[in-house]
Amino acid sequence: MAWLVVRLAISMSLLYTASAVFEDQVGKFDWRQQFIGKVRFALFDTHSQASKKLLLATDKNVFASLNSRTGDLFWRHVDKTGPEGHIDALLMYGQDAVVVVGNGRLLRSWETTVGGLKWETVLDTGSFQAAALVGVQDFVKYVAVLKKSAISLHDLSSGSEIWVENLPDSDSVQYQTIYSGGNGLVLVLGVVPNSHIVIVEYKIEDGEIMNKKSVEAAWMSSLESSCAVVSSGILLCVDQITQSLYTLPLQSAEQTEMRQIHLQTLDLEVVSGFRPVLTSTQPNPAQPPLSEFFLQLSPDHHILLQFKDGLIAPLRDFNPAYLAAFATSGERTVAAVMSPKNDTACSINLFSADTGRRHLDTTIIYHMDPNGGKPNRLYVHAFLKKDDSVGYRVMVQTEDLALTFLQQPGRVVWMREEALADVVTMEMVDLPFTGTQAELEGEFGKKAAIQDGLLPMVLKRLSSQFILLQAWLAHLWKLFYDARKPRSSVKNEVTIDVLSRDEFNLQKMMLMVTASGKLFGIDSKSGTILWKQYLENIQPNSVFKLIVQRTTAHFPHPPQCTLLIKNKDTGLGSLYVFNPIFGKKSQISVPALPRPILQTLLLPVIDQDYAKVLLLIDDQYKVTAFPSTKNVLQQLQDTASSIFFYLVDSSQGKLSGFRLRKDLSTELIWEVVIPTEVQKIVAVKGKRANEHVHSQGRVMGDRSVLYKYLNPNLLAVITESTDTHQERSFVGIILIDGVTGRIVHEAVQRKARGPVHFVHSENWVVYVYWNSKFRRNEFSVLELFEGAELYNSTVFSSLDRPHPPQVLQQSYIFPAPINTLEATLTEKGITSRHLLVGLPSGNILSLPKLFLDPRRPEMVSEQSREENLIPYAPEMPIREEWFINYNQTVSRVRGIYTAPSGLESTCLVVAYGLDIYQSRVFPSKQFDVLKDDYDYILISSVLFGLFFATMISKRLAEVKLLNRAWR
Amino acid sequence: MKMRACVTALLLLGLRACLSQDVRHHEDDEEDEDVMFQTRAQVSGRALVPGVRTRDWISSARVLLDGDKHVGFIRDDGSFTVSDVPSGSYVLEISSPTYRFQPVRVDISSTGKMRARVVNYIRTSEVIRLPYPLQMRCVGLHSYFIPRETWVWSDFLMNPMVLMMVLPLLIILLLPKVFNPSDPEMRREMEQSMNMLNSNQELPDVSELMTKFFSAPKGHEKAGGGARGHRGGAPAARGGALRRKTRD
């Protein structure tokens, strides 16, 4: 028994070290970038002059604090996804920030320096309308939250509820805004659309209704979008139909109707079809707002107006101006206005709010990214300089979710690409050779015709060798030159020009497609964004599919990627073809896709330019080929009979297989219907096209071979029961041959429900489900074997497989929830496989596939030991050493992408979610390269030692021989 | 030609699969709406990292219920509440990139009663009560890294192989120096001691006894031999294992 333990210990220790990180490897080949998402609220900390805090709340339910000097995160709080974590409002006072979360369900106060929670209060249910800080006698003490039918007041220091009052007539009146001018009253403004406005005054101390009045306003449909409060409680509204402004003193008893001021009297006009916007500012919640306000009349026309003694006077007209914003520092309020300068740049200028006069020398030039979107938000941080003048910095948000922080005179302090918080799909592409490498390749390429003769060939050879020598010398010189410079001044700037494939192809180009329609090309080694391209007019509910049609292997043809953008509702798609290395749009003409696309298919067939052929199948089962040259069509005709594809219609529970005909029409071959009343298809997965399987079988304990069932056409279909009751729900898995439609295997997991995560690879399928009876996650593994004999060892054909495979299955308990699942992938498939499990805590677990082996025996036998099978244990271990990303957690990990590198032992991993993490994993350790800690000194000292020892002993032996001869 | 016939098309994931995802989302929402009418409880407790100020670790920590279905944040004093949790059984864990906490199972009955117990995934119905409100105590730092194997002289010297080589060498070298075998006095002494050892001729030899004892059942001896072979060949077997693994 003892030796068993020893053997086990050995095998376990092998696994133990299989894919752990050493402490000195931190940051060596991995990096992480943290994102927050699309900014909804941004506030600068104006509490003290030296403060660097910038508070942001985003649509990803993230509340974060950024260092405004560097753009790095101070801290970040990631709430749950969905509407329950949605941030409705962000208010800041002093060191504290008050956040309303989950449609007004929670009120939280954060201490902003360390990011700790101060208090949290649960509010009554009800749809959130507005929140405001309420001040009494120059001190802000309360926060008021307006719901659809109630208003509540909370203490700022403890969060305790002071009072909560139901709003009068809340069924008919839509209460939308709160106003408090610091005079002991809270005003709630509601509207009955196209009828009248309702104003209710509450006393701060006890919530008593002091006054309630309604004012006629037949033209008004919504308060929120068209009104603002200016000066000492004057409600100001704008209406584009009557082309006029309306004013109403909120607290005056005598005026019972709104006063109309025609815009014509001010020489103004709203552009037809544009909804005018009013922007006012209330620097201190305990005091009334300023009497100056912005009126936006068209997308690029703003005007600064002043309300004084019941009259409105224009202070300054900004035409053209894209954006305008107020900012306050101390007692002085300024307005920053962004106006176009030329086609590629905008200038931002500062104006004093009370006079509209321009501050001198305050211009910031903002250069627009030609590949980016237009600016759509402006956040201004104003501060007082030593000479008492106002200085400012601005943060510009663009349509493509880039945040740029600028300071005078236009220096970009930092930039964040928040589109990367929502990566939809990605690919990794090999980098191209450098110019010299390409030159060497060219020697053997098309151009080098054999008729050149012997001598030119020799000369070419010599010249290319000379080029190599030159490059090497230049490299040496650069090394020498850099070594002389102080380390800090050496910048490791990565540009596309210096990028080239490394020896082991470990550095690749990461192509990332984001939900906002922005494409990124990122260097996998450093994480530097090398190019970005914003695709305009992308519908928010689009689906993307990225296809690599031509890799970098076909010099001088540039690599080519195709992005299929499909509208989820209509199914209509369009193609965007680009060069993945430089991000440039390709000039190739793309086919028009008038019909909804159901399926895409990348064929191994290549055209004369080495681009793989992409087939697009529309809803009439017609096939469009891209590229569709004569050559391609000819090839398609020849191979049409062996091209099959499948379609999934989950709404009807239908899986169908088709074959291509010579005229690019299709014929239905098989159809499998899964009754939708009982279960629905959740996901279908085939195998990855670039996967290699090195060994055909497994050697058993008795030296016989168990051959794997390696069907490249196998589809794994996951179904979930429509009945969600705990006792009756189930998860099903069906393995279908995609060519013949034959059901190879079917399994059902009772008392289980989704979400199901699964990996389909080689001859196995691993899937995770939730066991609703025992309330735990369970892993199940299916392995398919042909048996002891291989039916046709040369090639696999779906049409000729008379014997069904043997299927083995085993299940295990996984003691943690799971976000995503993926398997490692290596160049030749020799290295053992690991499963990469993304956990909600942000860790990525590298779980050896050895633990998920259905042949794990319950009773240890001689043979199972011989095979190195680990005895079955119901619970899967989770070791912290297996976390490949140590403390670099990836928030809300949504996908893991694996790609092989040039080294068989190494697999490149990118995990993306809210953050992006890139690393390498070595499932069987680094068996093909010297280890990082290889002891060169010891080896060389031993070598030298031996060398000198032999020298000395040789000499000694000579002396001894000589002496003996003399004797 | 045969090859071509068997080259089957690459099958890619149906774009329609995403439709099904959409369907699922909708149903989740409906489920949530149902849940809204159930009682919603608040899970509260306190997390403690001994010897560390709370402000140093709370900004990167979160309280997670069943993954990130429900999320709570930790207050300045280490206390936390997770609001709006429908009745059911949840595993509560504190996720911090630096500090490790034991997860706790929290049961909320439909009337809103709370119970905390030890997480046991194998026997899920077993109840080992824990105090409620929860007391989450840090059980140490995460150990993400494994130490490098370092080369130390003492390791090398204490290696059994080295010891086996060095000791005989010492004996061979040193023994002749200690006493001279050609000295007649010494030789006599040695012979005497040899006689002393062999004086009791009747007593069976220890080694002989052992072999007899172990060889009694034939099969057993074989198995033992095999086992010994294994143990002796441990490094080789290990290499073999690796090789096989890579072949897989």
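# Notebook: chains A and B

I began with the domain division of chain A, which gives domain 1 (422–439 + 500–590) and domain 2 (596–673). I then looked up the contact between them: 19 residues come from domain 1 of chain A and 13 residues from domain 2 of chain A. Their C-alpha centres lie 23 Å apart. I note here that the model is predicted.

**Chain A, overall**

I took the totals for chain A next. I find 7 helices and 63 strands in chain A. Along the principal axes, the C-alpha atoms of chain A fill a box of roughly 125 × 80 × 70 Å. Chain A has 967 residues, and 56% of them count as buried. I looked up the accessible surface of chain A as well; it comes to about 42700 Å², with 53% belonging to carbon and sulfur atoms. For the contacts in chain A with a separation of 6 or more, I note that 50% are between residues 24 or more positions apart.

**Chain A, the UniProt range**

I checked the record for chain A. UniProt lists residues 761–966 of chain A under "domain: ER membrane protein complex subunit 1 C-terminal", from an unreviewed entry. In the model I find this range to be 17% helix and 30% strand. The end C-alpha atoms of residues 761–966 of chain A are 78 Å apart.

**Chain A, prolines**

I place A:P627 in the loop between strand 44 (623–626) and helix 5 (630–639) of chain A.

A:P755 is joined to A:G754 by a cis peptide bond, and omega there is about 5°. I find A:P755 in strand 54 (residues 752–761) of chain A.

A:P675 sits in the loop between strand 47 (666–673) and strand 48 (679–685) of chain A.

I looked at two residues other than glycine with a positive phi.

At A:N61, phi is near 60°. I place A:N61 in the loop between strand 4 (53–58) and strand 5 (62–67) of chain A. A:N61 counts as buried because its relative accessible area is 4%, and buried means under 20%.

At A:L401, phi is near 65°. A:L401 lies in the loop between strand 32 (390–398) and strand 33 (402–407) of chain A. Its relative accessibility is 13%, so I count A:L401 as buried too.

**Chain B, overall**

I moved on to chain B, where I find 9 helices and 11 strands. Chain B has 248 residues, of which 31% count as buried. Its accessible surface comes to about 16600 Å², and 60% of this belongs to carbon and sulfur atoms. Residues 24 or more positions apart make 53% of the contacts in chain B with a separation of 6 or more.

I looked up the division of chain B: domain 1 covers 41–141 and domain 2 covers 147–195. How far apart do the C-alpha centres of domain 1 of chain B and domain 2 of chain B lie? I read 63 Å.

The UniProt annotation "domain: ER membrane protein complex subunit 7 beta-sandwich", again from an unreviewed entry, covers residues 55–164 of chain B. I find 13% helix and 45% strand in that span, and its end C-alpha atoms lie 57 Å apart.

**Chain B, helix 5**

I closed with helix 5 of chain B, residues 160–178. This helix has 19 residues and reaches 26 Å from its first C-alpha to its last, close to the 27 Å expected. Where is the kink in helix 5 of chain B? I find it at B:I172, at about 25°, shortly before the proline B:P176. I then checked the cover on helix 5 of chain B: the helix is hardly covered, with a count of 1 buried residue among its 19.

Definitions and conventions
Residues numbered from 1 in each chain as written. Chains lettered and ligands numbered in written order. Predicted model: local features only at pLDDT ≥ 70, side-chain atom pairs only at ≥ 80, totals over all residues. Heavy atoms only, no water. Domains from an automatic or database assignment. Helix = DSSP H or I, 4+ residues; strand = E, 2+ residues; numbered from the N terminus. Expected span 1.5 Å × (residues − 1). Bend = angle between axes of the 7 residues up to and from the residue. Buried < 20%, exposed > 50% of the residue type's maximum accessible area, 1.4 Å probe, protein only. Contact = heavy atoms within 4.5 Å. Areas by Shrake-Rupley, 256 points an atom, 1.4 Å probe, with all protein chains shown as cover. UniProt positions renumbered as here; feature names shortened; annotations may be inferred.
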